[in-house]
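User: I am new to this structure. Please take me through the labels used for it and what they rest on.

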Amino acid sequence: IDITKQGGMVLWMLDSRSVETENLTVEEAVSAGMEFLQYHGYSGMKESYYEKTGSSVTINYAYVGQGITMYSDLIKVKVALDDGSIVGFESRGYIMSHKEREIPAVEISETEVRSQINSHLNINQIKLAMIPLESKREVLCYECRGDFNGQNYLIYINAVTGKEEKILLLLESEEGVLTM
């Protein structure tokens with residue numbers, strides 16, 4: 001376990017016990033992780049992606065504020081599928097990024113976003129998200145989830161400028177949902 005010097009917050013923890021059996025579903029593990037976060041004062045979190053490894057699952061939870069998913073404010077919780085106990089926790093993203101944000105005004109409409117995305121992409125969902133860029137700054141975007149040729153994608157369109165910021169391929173399997 002590592003505790004921050006300033007504030008005494010748990011940065012990460014790992015229980016190295018062996019998890020041999022699976023008595024819980026991934027959905028039950030997501031609920032156990034959410035209960036853990038709420039009990040420890042992390043409110044407003046929503047699961048985004050997960051990865052199943054052996055008999056445990058690591059779930060990424062992002063903070064949601066003002067109806068906007070803040071992907072920089074990320075916490076990872078590893079849940080044992082035998083009894084639902086928490087066997088791993090990592091909060092570096094949340095600790096380093098969570099703050100009150102000045103959210104810019106949305107200048108581009110959802111209709112404009114839909115019209116600029118390739119018409120071959122079948123858009124299933126559009127929502128607002130604050131995403132980190134490689135430059136370490138954040139931008140408010142429309143997160144457009146859709147599919148094309150049997151593959152699922154996330155396309156991020158800047159909600160202020162209309163610029164395409166990022167395209168991610170969603171890798172979905174029985175072992176998890178990850179982005180690339």
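User: What makes strand E6 largely enclosed by the rest of the structure?

Analyst: First, the basis. This is a predicted model, where local features need pLDDT of at least 70, side-chain atom pairs count only at pLDDT 80 or more, and totals for chains, interfaces and linings use all residues. Residues are numbered from 1 along each chain as its sequence is written, and side-chain values use heavy atoms, without hydrogens and water. Now E6, residues 86-90: 4 of its 5 residues are buried, so the rest of the structure largely encloses the strand. Buried means under 20% relative accessible area, exposed over 50%, partly exposed in between (1.4 Å probe, protein chains only). Strands (E, at least two residues) and helices (H or I, at least four) are DSSP runs numbered from the N terminus.

User: How do you know which strands pair with E6?

Analyst: Pairing needs at least two bridges found by DSSP between two strands. E2 (residues 10-14) has 3 bridges to E6 and runs antiparallel to it. E5 (residues 68-80) has 4 bridges to E6, also antiparallel.

User: Why is the pair of Tyr42 and Phe89 called tilted?

Analyst: Rings of Phe, Tyr and Trp (its six-membered ring) pair if their centres lie within 6.5 Å; planes under 30 degrees apart are stacked, over 60 edge-to-face, the rest tilted. The search of the whole structure gives 3 aromatic pairs. For Tyr42 and Phe89 the centres are 6.0 Å apart and the planes at 45°, so this pair is tilted.

User: What makes the pair of Tyr42 and Tyr94 edge-to-face?

Analyst: The angle between the planes is 85°, with 5.1 Å centre to centre. Planes over 60 degrees apart count as edge-to-face.

User: Why does Tyr42 count as buried?

Analyst: Its relative accessibility is 8%, so Tyr42 is buried. Tyr94, at 9%, is buried as well.

User: How do you know that Asp83 and Arg17 form a salt bridge?

Analyst: The rule asks for a side-chain nitrogen of Lys or Arg within 4 Å of a carboxyl oxygen of Asp or Glu. Here N to O is 2.9 Å. Asp83 lies in the loop between E5 and E6 and Arg17 in the loop between E2 and H1, so the pair ties together parts 66 residues apart in sequence.

User: Is Arg17 buried, exposed or partly exposed, and why?

Analyst: Arg17 has 28% relative accessibility, so it counts as partly exposed.
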